[in-house]
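Open the model in your viewer and keep the selection tool at hand.

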Amino acid sequence: MGIDDRDYMRDRYRKRRGLGGTRWNDKKSRSEHDGLWFSEKNQGFDYQKNRWRPKSSGAPRWRSAVASLIPILCLLTYVIPMWRDMKRSGWIPDTDVEIPFPESGSVTVNRSIDPRSATSSLKVVTDMGNAVIQLYDPATDTHVISVYVRRGDEVTIPVPPGTYRNQTFSPPATN
């Protein structure tokens, strides 16, 4: 390929691209830039923005769904305990029909326990929630006594002397 062919191909390429023809200066040499630092046509980052590209696979769709689900799950780890604590402390009223909590000091005793043997005492003080205190015999794992105490209340009950295993429940507060 000769020099004339090379120059012809470059001129044709530049005309097709809209870059203008080759200009010659007085010293009979070619001037590649048209007196400017950059060509007339911008060939920056958006040079191929309208070029056809095949559609991507379905992976980005499920990734975006998972990416939006992660913050929601993180928020749930904070919201659920906060919700329970607000219901328990009475900030959110209960809308369900519920069984009323027994009176403070109500006791359920095992039938095999003699009430006259209860010479010791058990003092229970509650703060923000109702409580059910259950005492079990550790040797036989049988139920001895259960005490119901409403929130913000203090109860002292007679208990048979001995060593017991304690189990405490705190159901949600009632308004």
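Predicted model: local features only at pLDDT ≥ 70, side-chain atom pairs only at ≥ 80, totals over all residues.

**Stop one: a bridge pair**

Residues are numbered from 1 along each chain as its sequence is written, and side-chain values use heavy atoms, without hydrogens and water.

Now select 131-136 and 143-149, strands S5 and S6, which run antiparallel and are joined by six bridges. Strands (E, at least two residues) and helices (H or I, at least four) are DSSP runs numbered from the N terminus; two strands pair if DSSP finds at least two bridges between them.

**Stop two: the loop**

Go to Asp141, in the loop between S5 and S6. Asp141 is not a glycine, yet its phi is positive, about 60°. Most residues other than glycine have a negative phi. Asp141 is partly exposed, at 47% relative accessible area (buried is under 20%, exposed over 50%, partly exposed in between; 1.4 Å probe, protein chains only).

**Stop three: the sheet**

Select the four strands of the open sheet, whose order is S3-S6-S5-S8 with antiparallel pairing. The edges are S3 (106-109) and S8 (165-169), each of which pairs on one side only.

**Stop four: a helix residue**

Finish at Val79 in helix H2, residues 59-89. Val79 is partly exposed, with a relative accessible area of 44%.
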